[in-house]
Amino acid sequence: MFGAPKTDHGLLSVPDAMLALLERAGFDVIMPEHLNGQCCGQPFQSKGFPEQAASVGSELKRELSSLSDAGRLSVVTDASTCAKHLREFPGDAPVLDSSQFLLSHILPKLDMTQKLPTVAVHHNCSAQRLAEQPMTEAIARACADNIAVLSSVTCCGYAGDKGLFVPELNAHATRFAKQDIPSGCTLGVSTVSTCASGLSEHTQVPFVGLASLLEWASRPLH
């Protein structure tokens, strides 16, 4: 939905990077049909519509469960909010967030070809609730000589899509984030695209998905 921000590194968007990594690591990918209109339900939950959230989220989880061959195959999502929300619904499909899957299934099968000097790391709210901080930082360290965790930001204030309509929330929550980013750092990562968008705007450093960074760092050099 958000594409990839312009950087000096020619990064792929998160979906394209995820597919490239899966192919690079030797996986066959099953994509759900009729993706337009399918949703984990979190946006409805954030706006105070729990019944609608349960309806659309449960419907998607049922389809994913059927595609997972009764739970034999894992479901991977590139957004921490979606992973957290989908886990709350019954179904056979085990749902893995990008950091968990990339660290356990993808990274061991990759040859790292290039690194950045420093990468800034943001732990969004859902990733914190899923206790994924060590996983995200491990992947970032595989792609950079040093990492800088945004210690001044516990929540970026985007609050789902509220940052689009009340940008003051995002601006206030991230007002100290820039001081966490060392001089010369040209890239940051977050596992939620809205968080990445807000941080990119208020730190003047492009924040991207974890898959985009890992794809670049393991891209074959010709």
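This is a predicted model: local features need pLDDT of at least 70, side-chain atom pairs count only at pLDDT 80 or more; totals for chains, interfaces and linings use all residues.
Let's start with the strands. Four of them form an open sheet, arranged in the order S4-S3-S5-S6, and their pairing is parallel. At the edges sit strand S4 (144–149) and strand S6 (207–208), each of which pairs on one side only.

If you want a spot to look at in your viewer, find alanine 120, which stands opposite glycine 188 in S5.

## Helix H7 on the sheet

Next comes helix H7 (residues 133–143), which lies across S3 and S4 and runs at about 140° to S4. Several of its residues are buried: Thr136, Glu137, Ile139, Ala140, Ala142 and Cys143. The elements covering these buried residues include S3 and S4, along with H5 and helix H11 (210–217).

## Helix H5 and its partners

Helix H5 (residues 98–106) has its own set of buried residues, namely Ser98, Ser99, Phe101, Leu102 and Ile106. Their cover includes the helices H1, H7 and H11, as well as strand S1 (75–77) and strand S2 (95–97).

With H7, H5 packs at an angle of about 55°, and the two axes are 9 Å apart. That angle makes H5 oblique to H7. The crossing is left-handed. On the H5 side the contact is made by Ser99, Gln100, Leu102 and Leu103, while H7 contributes Met135, Thr136, Ala138 and Ile139. Sorted by class, this contact has five nonpolar, three polar and no charged residues.

## Helix H1 against H5

The other partner is helix H1 (residues 14–24), whose axis comes within 11 Å of the axis of H5, with a crossing angle of roughly 20°. H1 is therefore roughly parallel to H5. Here, too, the helices pass in a left-handed crossing.

Which residues of H1 meet H5? They are Met18, Leu21 and Leu22, and they meet Ser98, Phe101, Leu102 and Ile106 in H5. This contact has six nonpolar, one polar and no charged residues. Of the H5 residues that meet H1, Leu102 is also part of the contact with H7.

## Leucine 19

Leucine 19 belongs to helix H1. Is this residue buried, partly exposed or exposed? With a relative accessible area of 36%, leucine 19 is partly exposed. Setting aside neighbours within four places in sequence, its contacts are Val29 and Met31.

## Serine 126

Our last stop is serine 126, found in helix H6 (residues 125–129). Its relative accessibility is 6%, so serine 126 counts as buried. Not counting residues up to four places away in sequence, serine 126 touches Ser80, Thr81 and Lys84.

Technical notes
Residues are numbered from 1 along each chain as its sequence is written. Side-chain values use heavy atoms; hydrogens and water are left out. Axes are lines fitted to C-alpha atoms, for helices over the stretch in contact, and angles run from 0 to 180 degrees between N-to-C directions. Helices (H or I, at least four residues) and strands (E, at least two) are DSSP runs, numbered from the N terminus. Angles under 35 degrees count as roughly parallel, over 145 as roughly antiparallel, 65 to 115 as roughly perpendicular and the rest as oblique. A crossing is left-handed if the near helix is turned anticlockwise from the far one by less than a right angle, and right-handed if clockwise. Contact means heavy atoms within 4.5 Å. Ala, Val, Leu, Ile, Met, Phe, Trp, Tyr, Cys and Pro count as nonpolar, Asp, Glu, Lys and Arg as charged, and the others, Gly among them, as polar. Buried means under 20% relative accessible area, exposed over 50%, partly exposed in between (1.4 Å probe, protein chains only). Two strands pair if DSSP finds at least two bridges between them.
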